[in-house]
Amino acid sequence: MRQHRLIFCREHYLEWFTSQTLHIIEHEKLFTKSSKILVAVSGGKDSLSLWHVLQTLGYNTQAVYIDLGIDSVAPYSNRSLQFVKDFAIQYNLNLSLIDLQSTIGYSIPNLVVKSKRSLARTCSVCGLVKRHTLNQVALDGNFDILVTGHNLDDEAALLFGNVLSWDVDLLRRQSPRLQGQPGFVAKAKPFYRFTEREITAYAILNQINYIEDECPFAINAKQLEYKALLNKLEEEHPGTKLRFYLNFQKEQKLCSLFPDQQASLIADQFCPSCHQPTTSAGLCAYCRLLARANSNAKDLSIK
Ligand code: Q46
Ligand code: ZN
């Protein structure tokens, strides 16, 4: 690991990775041993490794998998679900399954078509649905915190994109821990300091089976381009990604970035349909999306 100037054998790598995870959780006060934790799993290396290491460290976890119904181009959801199920069975862990088709009546690709969004917007539709659904599952199950497997590559690419467009709202919200508020469960990303490569090594050394294929819609994701650019910089200058993100985090903690705009982070209104918080009056973005799809579906059936 050139960015840390460290070289490990198998045994000491696993020890380092596990103790670093514990250090991040404790140092950043992400959650405690008494927290009831919901892990969002996708079948990929990051989320399954996260579930694995949290279990190893003795945290109280349960996981949820959302079946997005992305199977028309390639059998992506079906395959990833199988990896998640096998993992839960192997380690005898609690897993909840949410099938979008049966809960809201649409798979992600159908929802994009019915809501008349362009195919290029699939990931933003999917992201909105996942955020809303995971928050609802966490609220319904009285979880203290929702954790995701986002890694340093994800966070640095997200930060890069937000800086490129100077999206102040997104920049203020980007953090390894988001406080809970009425209607919003707290969220944490315990892997935000680990690179994709470090997590892959943890998964392989623990013989965790995970889906290696990318979601077929990921090809459209700008994130991948940003990741490739940052990886190029990292190759030339080891530690770039970590410095980029940690220096941002340091400034954020000092409130030196956008100090006068902290208050507007609070979503203080509630959607009349799903009752989740929203920043504007009326239906939240998720309910507006579903309403649009439902009305288009109705129009089609009338014709
Ligand atoms: S699952 Fe959904 Fe990702 Fe596929 S459609 Fe895009 S956001 S790429 S993490
Ligand atoms: Zn709503």
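How are helix 2 and helix 3 oriented relative to each other, roughly parallel or roughly antiparallel? In this predicted model, local features require pLDDT of at least 70 and side-chain atom pairs count only at pLDDT 80 or more, whereas totals for chains, interfaces and linings use all residues. Residues are numbered from 1 along each chain as its sequence is written, chains are lettered from A and ligands numbered from 1 in the order in which they are written, and side-chain values use heavy atoms, with hydrogens and water left out.

Helix 2 (residues 45-56) packs against helix 3 (residues 76-91) at an angle of about 15 degrees, the axes lying 11 Å apart; helices (H or I, at least four residues) and strands (E, at least two) are DSSP runs numbered from the N terminus, and axes are lines fitted to C-alpha atoms, for helices over the stretch in contact, with angles running from 0 to 180 degrees between N-to-C directions. The two helices are therefore roughly parallel to each other, given that angles under 35 degrees count as roughly parallel, over 145 as roughly antiparallel, 65 to 115 as roughly perpendicular and the rest as oblique. In the contact (heavy atoms within 4.5 Å), Leu48, Trp51 and His52 of helix 2 meet Phe83, Val84, Phe87, Ala88 and Tyr91 of helix 3. By class, this contact of helix 2 with helix 3 comprises seven nonpolar, one polar and no charged residues.

Helix 1 (residues 10-27) and helix 9 (residues 196-205) pack at about 120 degrees, with axes 10 Å apart, which makes helix 1 oblique to helix 9. Arg10, Tyr13, Leu14, Trp16, Phe17 and Thr18 of helix 1 form this contact with Glu198, Ile199, Ala201, Tyr202 and Leu205 of helix 9, and the residues involved divide into eight nonpolar, one polar and two charged.

For helix 7 (residues 152-164) and helix 11 (residues 240-253), the packing angle is about 65 degrees and the axes are 9 Å apart. Residues of helix 7 in this contact include Leu159 and Phe160, and those of helix 11 include Tyr245 and Phe248.

The zinc ion (ligand 2) is coordinated at 2.3 Å by the SG atoms of Cys271, Cys274, Cys284 and Cys287, where donors are N, O and S atoms within 2.8 Å of the metal (3.2 Å for Na, K and Ca). The donors follow the spacing C-x2-C-x9-C-x2-C along the chain.

Technical notes. Nonpolar A, V, L, I, M, F, W, Y, C, P; charged D, E, K, R; others polar.
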